[in-house]
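Subject: Structure for your review

Dear colleague,

Please find the structure below, with the sequence alongside. My notes on what was found in it follow.

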Amino acid sequence: MKNPIIPFYRQSDKLVVKAKGCYLYDSEGNQYIDFESGDWAANLGHSHEKINQAIKNQIDCSIHDGLRFRNEPSEICAFRLMEKLAMDGGKCVFLNSGSEAVNLGITLAMNLTRRKKILKMDCSFLSSFGYGKISPENTHLINIPMNNADAIKQINLEEIAAFVFEPGNAHGLIKFPTNDFINKIATSIKQHGGLLMANEVTTGFGRTGKWFGFQHYNYKPDIVSVGKGLGNGYPVSCVTISKEVSGLFDMAPFRYAQSHQNDPLGCAVGLAVINTFDEEGIIQQSFEKGKYFEIRLLELQSHHKDKIKEVRARGLMLALELAPEIKAEDIYLQLIDKGYLVGQKENVLRFMPPFIMEEGLMIQLINTLDNLL
Ligand SMILES: Cc1ncc(COP(=O)(O)O)c(C=O)c1O
């Protein structure tokens, strides 16, 4: 069958017919262990029973009911999410994608501060379109090199609407900024009347071993965008604003309406995800399994000191930086042939598996890597 999908990105010719737990299956009967959680979204594993059940229950009530009325799933999900973010008294809006949530978060920051510039770390990815898109035409973004606090002096902080902190750099090489650097930026931004935003689209929902990536820092966000993990693969995202920002919005409200804003189905999924995390102690699992995986990767490094430059890890967000003479892409492609889906950028292999992944599967991958190296 000819592929009728616009080739905006590279797609394999294989047809995936099923995704369940930590596995994908193609139409030829091949099985792949997914160390990427889809696109870093299916943190509970693909097609999770409780999430599927929540979808089945909600579709018999209402999938979408327009913007006229309130709906219970959105309000309960908002309260539960704010509890996890420690942003009680704030407000939420639910959208569909991470990019939408980042752009609406930035729009709120710009409108409420009447400023037009956004500060981000040079390595951060914010969104695939709009204010967060990295492109020469987007003059709203100002970059600061990660961990170079002195660079703040070169920035006119009076024009910054918000610092958007992406605490994991998943699109890049998986690097974590220091506490000191983030503290200095946050303090400077606040002193000059800007807002603090956290982009938790990838680092949210336990990925880094805590509920949210910013919680590894002394960082108190005014605005938070989440996506991916909130829906465990179903497209739902959210912007949360603090009580203070909510007060600013009340004084200068503006209209923003999308057809699927606060749709009950997406919110029911989000609520089921949060409940499942609580019921099954998922954050603790991410932390413990992350540590286990990290230790195994460090052991692998000790066997291949000349070939593995560094192991970086926080929760179940891990990276193996290979020596320059090793071609990471070759290893990445050989891993796919052997049934392991990992990430790769430049000389880094990336692992962001579902939190339900058993340690045995991690060992299988590490043994395979050991042989390939
Ligand atoms: C950190 C980060 N922010 C925003 C986005 C955009 O989310 P989406 O692809 O759902 O629009 C992504 C997507 O990978 C991301 O990793």
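Which residue in the turn of the hairpin formed by S14 and S15 has a positive phi? It is Glu 346, with a phi of about 45°, and the hairpin has 2 residues between its strands. Helices (H or I, at least four residues) and strands (E, at least two) are DSSP runs numbered from the N terminus, and two strands pair if DSSP finds at least two bridges between them.

Two remarks on the source are needed before the details. This is a predicted model, in which local features need pLDDT of at least 70 and side-chain atom pairs count only at pLDDT 80 or more, while totals for chains, interfaces and linings use all residues. Residues are numbered from 1 along each chain as its sequence is written, and side-chain values use heavy atoms, with hydrogens and water left out.

Taking the pairs in turn, S11 (residues 308-314) and S12 (residues 317-322) run antiparallel and are joined by 6 bridges, with Ile 308 opposite Leu 322. These two strands also form a hairpin with 2 residues between them, and Gly 315 in its turn has a positive phi of about 60°. S12 pairs with S15 (residues 348-351) over 4 bridges, again in the antiparallel sense; here Leu 318 has Phe 351 as its bridge partner. S14 and S15 are joined by 3 bridges, and Gln 344 stands opposite Leu 349.

S15 is covered on both faces: Val 348 and Arg 350 on one side, and Leu 349 and Phe 351 on the other, are all buried. Buried means under 20% relative accessible area, exposed over 50%, and partly exposed in between (1.4 Å probe, protein chains only). In a regular strand the side chains alternate between the two faces of the sheet.

With S10 (residues 237-241), S9 pairs in the antiparallel sense over 4 bridges; in S10, Val 239 is the bridge partner of Ser 225.

Helices

H5 (residues 179-191) has 13 residues and reaches 18 Å from its first C-alpha to its last, close to the 18 Å expected at 1.5 Å a residue. The expected span is 1.5 Å times one less than the number of residues. Phe 181, Ile 182, Ile 185, Ala 186, Ser 188 and Ile 189 are buried in H5. They cover an arc of only 165° around the axis, which puts them on the same side of H5; the arc is that of the directions from the helix axis to the C-beta atoms. The buried residues of H5 pack against S5 (117-121), S6 (141-144), S7 (160-165) and S8 (195-199), where contact means heavy atoms within 4.5 Å. Just after H5, Gly 193 takes a positive phi of about 80°.

In H10 (residues 359-372), the buried residues are Leu 361, Met 362, Leu 365, Ile 366, Thr 368 and Leu 369. They fall within an arc of 160° seen down the axis, so they line one face of the helix.

H4 (residues 98-113) is mostly covered, with 15 of its 16 residues buried. Just after H4, Arg 114 takes a positive phi of about 55°.

Nonpolar cores

A nonpolar core is a set of buried Ala, Val, Leu, Ile, Met, Phe, Trp, Tyr and Cys residues joined through side-chain atoms within 4.5 Å. The largest has 89 residues, and those touching the most other members are Phe 163, Phe 205, Tyr 219, Phe 293, Leu 320, Leu 349 and Phe 351. H7 (residues 264-279) gives the most to this core, with 7 residues. A second, separate core of 23 residues includes Met 110, Leu 126, Ala 162 and Leu 195.

With kind regards
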